[in-house]
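I begin with the structure itself.

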Amino acid sequence: MNEGPPGPSNMVRVGDKRMIQTVLSSRERLTRLFNGQDIDRIPIWLLAPYHRLGCYADIYDLECYKPIVDAIDKYCDTFDRRGFNMGFCYNGNPEIKWEHSEEDNAGNHIIKDILRYKDMSLMKYVSTGKDGTKVKPLIEDVDELKKIVDIPYVPPSPDVSKFFREQEELGDKGLMMVDIGDPLMPLYNLTSAENFSLWTATDYDKILSFLDAIYDRVLYAYKYLLDRNVGDVFFIVGAEFAGPPLVSPTKFRDLSVRYVKGIVDLIRGYGKKSIVHYHGNLYKVLAGMKEINPDGLHTIEAPPIGDCTITQAREALGKDMVLIGNIQYDDLVRKDKDEIEQMIKDAIGEGKSGRFILSPTAGPYETFINEKTVENYLAFINAGIRYGRVE
């Protein structure tokens, strides 16, 4: 970066709040935003965690990311995201075992994972090679869901000591984020997207019965962490699987709202914050999202990728919910930096009608990025600070 981002300027109004000139730490800025207090500028979150997380590239150890890491440490805001081992479908039963194997056979590479509980076994595999790609999910028959629920439930009890060590390491660079999902997430991951979509039409009662059983376990998992004061913000993943085009929006309340609202209310009861993650077509489920009433919503994808603008989400959800978005990761790779700057300007123009965090729709997951992508990330940060301060 040839020049640093612009320095402080006049106060700016975000929704009904005036922003203060004092430069806040990331932790202060994010905390005050969620609490509806004055802040110095709109936060900028690039999704990258401070500590290693498997779904993202380890940017702190990759040379191509060094300019971005330097800028994140100086200017950006961090939710340090992590998960906890809550067992298979939130079941900590020690007799549940996994067997993993890989083999080459007749020009194909086959990866198998077998779930075993006593005499029961379920297998998933991926075969790639001469015969193309073949994938078998763990569950292909909806009635096998009952086998999973019938495995005797043992409440999980993950070790949380690492969390507090990493919290101390993060310091005032941001807030500690926890991601352990919602009831829909394991169901979606147990089978194929095609099966999941079909079952919501053909075997709805069986789907809901499974979700009801898992929900009790999910609440226990959240309460286990909350009772131990783990987490500042909880990132709740799963709701997006209950929306169009996979599922009719008329079923969003049954499949998502009634569970996620309970999770959000539990989190709020402990004085913590929640963010619901939702990719894709959001517009037709905005009423359900309003009923869930999380503290924040990520990532509000506008057409042509999604179907909802930040302005539409704001009109439906109000000024107090923190909207987070919404620059497409692909645009950071393909566009030029002038286009990125205009996109940031437009996003902030929409977002600062209420509480808002500027963010891409996806995190840095590639282990190598070229110079153009680096320049676009830096243009994103520069523009975020520049337009986040201007009325």
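Predicted model: local features only at pLDDT ≥ 70, side-chain atom pairs only at ≥ 80, totals over all residues.

Which strands does H10 lie across, and at about what angle does H10 run to E12? I found that H10 lies across E11, E12 and E13, and that H10 runs at about 165 degrees to E12. Angles here run from 0 to 180 degrees between N-to-C directions, with axes fitted as lines to C-alpha atoms, for helices over the stretch in contact.

Residues are numbered from 1 along each chain as its sequence is written, and side-chain values use heavy atoms, with hydrogens and water left out.

**Entry: the sheet with E13**

I looked up the strand order and found seven strands in an open sheet, E3-E8-E9-E10-E11-E12-E13, with parallel pairing; two strands pair if DSSP finds at least two bridges between them. E3 (78-82) and E13 stand at the edges with a single partner strand each, so one side of each has no neighbour in the sheet. Neighbouring strands of this sheet are turned by 25 degrees against each other on average, direction ignored.

Going along the pairs, I saw that E11 (residues 296-299) and E12 are joined in the parallel sense over three bridges, and that Leu297 has Leu323 in E12 as its bridge partner. Five bridges join E12 (residues 322-327) to E13, again parallel, and Gly325 is partnered by Leu358 in E13.

**Entry: is E13 covered or open?**

I checked E13 (residues 356-360) and found that five of its five residues are buried, meaning under 20% relative accessible area (1.4 Å probe, protein chains only). Phe356, Leu358 and Pro360 point one way from E13, whereas Ile357 and Ser359 point the other way. In a regular strand the side chains alternate between the two faces of the sheet.

**Entry: H10 beside H12**

I then compared two helices and found that the axes of H10 (residues 310-317) and H12 (residues 337-351) come within 8 Å and cross at roughly 10 degrees. That makes H10 roughly parallel to H12, a term for angles under 35 degrees. The contact (heavy atoms within 4.5 Å) is made by Ile310, Thr311 and Arg314 of H10 with Ala347, Glu350 and Gly351 of H12.

Note on methods: Helix = DSSP H or I, 4+ residues; strand = E, 2+ residues; numbered from the N terminus. Parallel < 35°, antiparallel > 145°, perpendicular 65-115°, else oblique. Buried < 20%, exposed > 50% of the residue type's maximum accessible area, 1.4 Å probe, protein only.
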